[in-house]
Amino acid sequence: MSQPIDITASCHCGAVELSATLPFGFSDIGRCTCSFCKRRQAAAVTATASTIVVTKGADNLSLYSWNTHTAQHYFCKTCGIYTHHKRRADPTQCGINLGCIDGTNPWDHDPIRWSDGINHPSDRS
């Protein structure tokens, strides 16, 4: 397992900036196949939800949520870039858009694993 690292991230236009701790470093980057993520197509890495601090532009974030409203997806209102989301599978975790993390190139982490969001464990009785 990788060591925790602190990151900073921003949207495309710079209106939104955040900081967070990645408890597993970059060892768990992934994409999801759920109906929303398959359309968004952004690779995400795990952050501890309690460590996320929006350091600039909190009022410029838009929230998208549906169904159980457990997952909460945040986007910049100006440029539309998805910055992060609270996870449905574990609300103590957030996914941070890998492409928003300062100094990180998503293609440097290929191949990126896919998780089965279509058959999410929370959908099973």
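This is a predicted model: local features need pLDDT of at least 70, side-chain atom pairs count only at pLDDT 80 or more; totals for chains, interfaces and linings use all residues.

Biologist: Is His-69 buried, partly exposed or exposed, and why does it count that way?
Modeller: Partly exposed, because its relative accessibility is 47%. Buried means under 20% relative accessible area, exposed over 50%, partly exposed in between, with a 1.4 Å probe and protein chains only.

Biologist: What is phi of His-69 near?
Modeller: Near 65°, a positive value in a residue other than glycine. His-69 is found in the loop between β6 and β7. Strands here are DSSP E runs of at least two residues, helices are H or I runs of at least four, and both are numbered from the N terminus.

Biologist: And Asn-67, where is that found?
Modeller: In the loop between β6 (61-64) and β7 (72-76). Asn-67 has a positive phi too, near 55°. Asn-67 counts as exposed because its relative accessibility is 57%.

Biologist: Now the fold. How many helices and strands in the protein chain?
Modeller: One helix and ten strands. From the N terminus, the order is β-β-β-α-β-β-β-β-β-β-β.

Biologist: In which sense do β1 and β2 pair?
Modeller: Antiparallel, over six bridges. Two strands pair if DSSP finds at least two bridges between them. Asp-6 stands opposite Thr-21 in β2. The hairpin has six residues between the strands, and Gly-14 there takes a positive phi near 85°.

Biologist: Switching to packing. How many residues does the largest nonpolar core have?
Modeller: It has 16 residues, and Ile-7, Ala-9, Leu-22, Ile-96 and Ile-101 have the most contacts inside it. Such a core is a set of buried Ala, Val, Leu, Ile, Met, Phe, Trp, Tyr and Cys residues joined through side-chain atoms within 4.5 Å.

Biologist: Which elements give two or more residues to this core?
Modeller: β1 (5-10), β2 (17-22), β4 (44-48) and β9 (93-97). The largest share, three residues, comes from β2. Another core lies apart from it, with eight residues, including Cys-34, Cys-37, Ala-42 and Phe-75.

Biologist: What share of the protein chain counts as buried?
Modeller: 40% of its 125 residues.

How values were computed
Residues are numbered from 1 along each chain as its sequence is written. Side-chain values use heavy atoms; hydrogens and water are left out.
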